[in-house]
Structure formats: structure tokens, C-alpha cells
Amino acid sequence: MARKEYAFYPGCSSQKGASASNYLTSVESMCKTLDIKMTEIPDWNCCGASISYAEAGELPRLAMNARNFALAETNLPGQDIVATCAACWLGSRESKERLEHNSVLMADTNEALKEAGLNLKVIPEVRHMVEVLIEDLGYDELAKPIKKPLDGMKFAGYVGCQTNRPFGISGESFENPMYLDKLVETVGAEATKFDQKVTCCGGALAFSEPDKAQAQIKDIIEAAYDSGAEMLVTPCPLCQANTEVYQGQINKKYGTKFNMPVLYYSQLMTLAYGGTAKEAALDGNVIRARKLEEFASK
Amino acid sequence: MSDMNQQMAERYRNNFLKEIEEQAEMGDWVKMCMQCGVCSGSCPTNFHAGWDHPPQELFMMIRAGKRDEVLESNSMWMCVSCYNCYVRCPRKVPITHIMHGIAEYAYRIGRAPKNQPTQFLSKTFWDNATKTGRVNEVKLTQSLYFKNGIMDGIKQAMAMQDVALGLVKAKRLNPMEALGGGHKCKDIKGIHAMLDKARELENKRKGRTA
């Protein structure tokens, strides 16, 4: 039996061929080393993310999240739900909170769920992958399997918004969360003093208001360079994609020369645990992290 | 005036605050705003062009009964859901949710600004996600670029081709998903029935019949 077991909610962007598929690959490698068993919630659905608010309204969005809760509770009773995506985590946790505090919404949600043949009694705990790492294992346990510390590498820990606000990681401050810096240090690398660590990347508005979002992304990347970082590291799929894939467009627009790789914490941990470039899914980075590719091949 | 808008305007007469309290998600928190302005100073998009009224101003306008100005405003649609205002508000007003709530209400009764890009994104995203239960990123991107017709779509896609090619190369964008492939839930029928029921119950609870 594995050391820890969870009901896994990977989310749409983590699926094969989707924008955060490299996140999933590296999380699987990391969990294998840490002896964490993640069982996918059967037939899970989209959380609706924040951006669906206008079309969805409140109850349809709650119903979508409640369906995942009911599927987890039925098929994986007693296990906490763990999401790797910041938006999945936030959408689910927010839904859990609202349903538990409002009996009218809970009754309506159950009436809707009945149409899908489901019923919700107890809502499981909803947690983010980094919460599990920090709270259920702790930094010391995370350090134990390290075979190859990332000595001398400098990372700007980009926490972003939705793994930090409004819930965040227990004991951390909204304005200056330290957990990502601590994870960077745990794998033997250096976390730079990065003043844009909790600045928004524009989120979904990178699609609908690209100029505004790219102005924010420019500030984030610029500050990362100024802090002396070689790479950015983040726990959120949308932060990762937004700060990585638009660097070329920002360069054209502003005459900058950005070319900074953006990694997931799970990729760093996989490499520190002795994983290969493939296990860390380094081939999934649009801006290739050459320094880490070399490190992995040694 | 749309039917739903007329119906609501008549029901609430001159009490726009009450209308927002009952109709917009988390609207009952609006009166708790003490006009300190921390939300406005914390908003990352408030410093770009396009904002008519920052949150605290909107809240005062609601209390002052400025129905048209609030519902037709672009402001709520500038919310990036970063929750900065939400965690900093000294009165614990869930500002992010109220911004979404006012926007959703304005859209629902047909008073939101026309051709608002974030509103279009919201609709496109939800329709995409609920069609099969899971987001199809290729189709989502296509719908977003081709909203103004095929020529404009090709132009936009050309401008974005470096971004797209990078993602395809990194196996993070699968063009095959455009051809009906892609990920989906097994119980799509159940999901659709559930969502129809949820919509029906929400309309009933809020007294919306139109």
C-alpha cells in the first residue's frame, strides 16, 4: 500500500495533448518517488474555471463541481480530492464552501445531481497538490529522496493568484507566501528575491484582453530577470502557459529579448529525485530549459 | 428593453440596491462597502485603459441607483479573478464574486455592453466545457479567433502561429482534437440533464420567468 492515497482531479488542461500535459507527467514521476497514490476520479468533469461566470451563473457551476464530489465520494470514499490545477482547486473549494454554508443551494444542487443519477451527502476535503506535499509530507520528507540537488541554479518562485488567494496554503501570507521559495531551496536551488511573486498573469483575459495581460506578463518576466533568476517556477498551469508562450509576442511588441524557461515545481522535484528529462517532461517546455536538460543528462 | 430587463426594472422600481442584492451573486454584500478604495488600488487591470469605474465606485453607484451606468459598464468585465481585492478588503466583502455577479446579471437581462470580448470568452468557454464535460482547447481557440468571420480569424491565427506551433511541438496542443477527437466525459447526457435542471432551479429561485 502506498504511503498516501488521494482522489485525483487532474483537470482539463492536464490531459494528454493539452496545454499542461507536461505538468501531469512530472507530477506522476514525483508522486511515484514519494510513494503517493493518486487515483483519478472516474468520469470527472470541468470545474468551469473562474471565466465561465457570465454564461454559467451560480447553480450550474456548483452542480458541475458537485458532480465531481459525488463521483469521488461514491468511488473513492474517505479520500481527499487533490487537484494539480489552481483553477480546479479554487473552483472546487469555493463550491464546497458555498454548498456547506447554504442549505438552499445544497438542496437545489442535489435536485440537479439527481438528473445525473447522483447524490451528495458529504463533500470530501479539496486540496491542492502543494498542500499535500507541504502539510501531509513536509519539507524534510520531500528532501529525503533527493539524489541530485539543483546546486547553483536560480529560480524566481512565481506563486501567482489562485494557489495563493483567496484560500492559499495554510500558514502563508497572501502578500508574501514563502512555500514556493522553500520548495526551490528544498531541491537545492536558490530562490531569488522576486517582487512580482504574487502578481496576476492576466488569467483568462490573456485571450480576451491580450494587451492588458501581456503588459502584466512583461512586468513579471522583467522582474524575474532583474532578480537574477535564470528560470521561473510556478504551481499553476495558466500562470505557466501565460508567462511562457507569450514571451515572443511581448518581445515583438516591446523590443525586449525575453527567453526565460517557465517550469513547474514538480519538474524540479522530479529532476532532483534523479528523474530523466522525459520523466520531468522537459520536452513539454515551449522555451526549452537547456540548463536543466544538460543537468538531467549527467 | 429586453423582456427580462423590463420585468426586473418594474419589479424593483427605484431600488437598484435591492435588485442587486437579490439578483446578483453575493450582491447582498454591496452595502458592507465602506468606500476605502483598497480594492481599486489592488486591481491589476485598473491601471490599464478600459475601466470606467473601479469596484468601490460601482458599489456607491449601486447605492445611488445608477442602474443604467452600472449595468452597461465595461468595468466588471475587466476582472481577472486574481482575488487581490477579495483578500485585502477590510470588510471582507467578496469583491471578485460581486464583480462576476453584476456582470452575469447584466448579461442575463440583456444590458451588458455589446461585443464585450471577455463576455464572449465566458460564453465560449462554458459552452465548450459543457458540450462534452471537458474543455477542448483546440476548438476553444478556434471559436475565439474566428468570432469575427473567416478572414479575421485567419489573420488572428497567423499572428498567433508562433505561439501555436510552439505548443504543438511541445505536445501541448493537439490539432487532431479539432476533428471530433479530444477528451470527453462518458455521461454527457446526465451532465446536460443536470445543467438544464440547475438552470431551471436558479431561474425559479430568482423569480426570473422570461
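## Terms and model

Helices, of at least four residues, and strands, of at least two, are DSSP runs numbered from the N terminus. The structure described here is a predicted model, and it scores ipTM 0.96 and pTM 0.96.

For chain B the average pLDDT is 92, and 98% of the residues score at least 70. Among the elements of chain B, the highest mean pLDDT, 98, belongs to helix H2 (residues 16-23), whereas the lowest, 76, belongs to helix H10 (residues 150-159).

## Chain B as a whole

Chain B contains 12 helices and zero strands, and from the N terminus on its elements run α-α-α-α-α-α-α-α-α-α-α-α. The C-alpha trace of chain B spans about 55 × 40 × 30 Å along its principal axes.

Of the 210 residues in chain B, 41% are buried. When contacts in chain B between residues at least 6 apart in sequence are considered, 62% of them join residues at least 24 apart.

## A helix pair in chain B

Two packed helices are described by the angle between their axes and the distance between the axes. In chain B, the axes of helix H8 (residues 117-132) and helix H9 (residues 137-145) come within 10 Å and cross at roughly 150 degrees. Angles over 145 degrees count as roughly antiparallel, and H8(B) and H9(B) are therefore roughly antiparallel to each other. Their crossing is right-handed.

On the H8(B) side, the residues that meet H9(B) are Leu121(B), Thr124(B), Phe125(B) and Asn128(B), and on the H9(B) side they are Lys139(B), Leu140(B), Ser143(B) and Leu144(B). By class, the residues of this contact of H8(B) with H9(B) divide into four nonpolar, three polar and one charged.

## Two positive phi values in chain B

Most residues other than glycine have a negative phi, and most peptide bonds are trans. Asn115(B), although it is not a glycine, has a positive phi of about 55 degrees, and its place is in the loop between helix H7 (95-108) and H8 of chain B. With 8 C-beta neighbours inside 10 Å, Asn115(B) counts as exposed.

Tyr83(B), also a residue other than glycine, has a positive phi near 65 degrees. Tyr83(B) is found in the loop between helix H5 (67-71) and helix H6 (84-88) of chain B, and with 25 C-beta neighbours inside 10 Å it counts as buried.

## Where the chains meet

The contact between the chains takes 56 residues from chain A and 56 residues from chain B. On the side of chain A that touches chain B, the elements that each supply at least two residues are helix H1 (21-34), helix H2 (53-56), H3, helix H5 (103-114), helix H9 (205-208), helix H10 (210-226) and helix H12 (247-254). H3(A) gives the most to this side, with five residues. By class, the side of chain A that touches chain B has 25 nonpolar, 20 polar and 11 charged residues.

One helix pair spans the two chains: the axes of helix H3 (residues 58-75) of chain A and helix H12 (residues 188-205) of chain B come within 8 Å and cross at roughly 140 degrees. H3(A) and H12(B) are therefore oblique to each other, and H3(A) passes H12(B) in a right-handed crossing. In this contact Glu58(A), Leu59(A), Pro60(A), Ala63(A) and Arg67(A) of H3(A) meet Met194(B), Leu195(B), Ala198(B), Arg199(B), Leu201(B) and Glu202(B) of H12(B). The residues of the contact of H3(A) with H12(B) divide into seven nonpolar, no polar and four charged.

## Inside chain A

In helix H8 (residues 179-186) of chain A, six of the eight residues are buried, so this helix is largely enclosed by the rest of the structure. The buried residues of H8(A) are Tyr179(A), Leu180(A), Asp181(A), Leu183(A), Val184(A) and Thr186(A). Their cover includes helix H6 (129-137), helix H7 (139-143), strand E5 (154-157), strand E6 (190-191), strand E7 (231-234) and helix H13 (265-272) of chain A. H8(A) is followed by Gly188(A), whose phi is positive, near 90 degrees. In the loop between E5 and H8 of chain A lies Pro166(A), and the peptide bond from Arg165(A) to Pro166(A) is cis, with omega near 0 degrees.

Ala206(A) lies in helix H9 of chain A and, with 22 C-beta neighbours inside 10 Å, counts as buried. Not counting residues up to four places away in sequence, Ala206(A) touches Ala213(A), Asn242(A) and Tyr246(A). Ala206(A) and Ser52(A) are 154 residues apart in sequence and, C-alpha to C-alpha, 15 Å apart in space.

How values were computed. Residues numbered from 1 in each chain as written. Chains lettered and ligands numbered in written order. Predicted model: local features only at pLDDT ≥ 70, side-chain atom pairs only at ≥ 80, totals over all residues. Axes fitted to C-alpha atoms, helices over the stretch in contact; angles between N-to-C directions. Parallel < 35°, antiparallel > 145°, perpendicular 65-115°, else oblique. Left-handed = near helix turned anticlockwise from the far one by under 90°. Contact = placed C-beta atoms within 7 Å. Nonpolar A, V, L, I, M, F, W, Y, C, P; charged D, E, K, R; others polar. Buried ≥ 20, exposed ≤ 12 C-beta atoms within 10 Å, placed from the backbone. pLDDT = per-residue confidence, 0-100.
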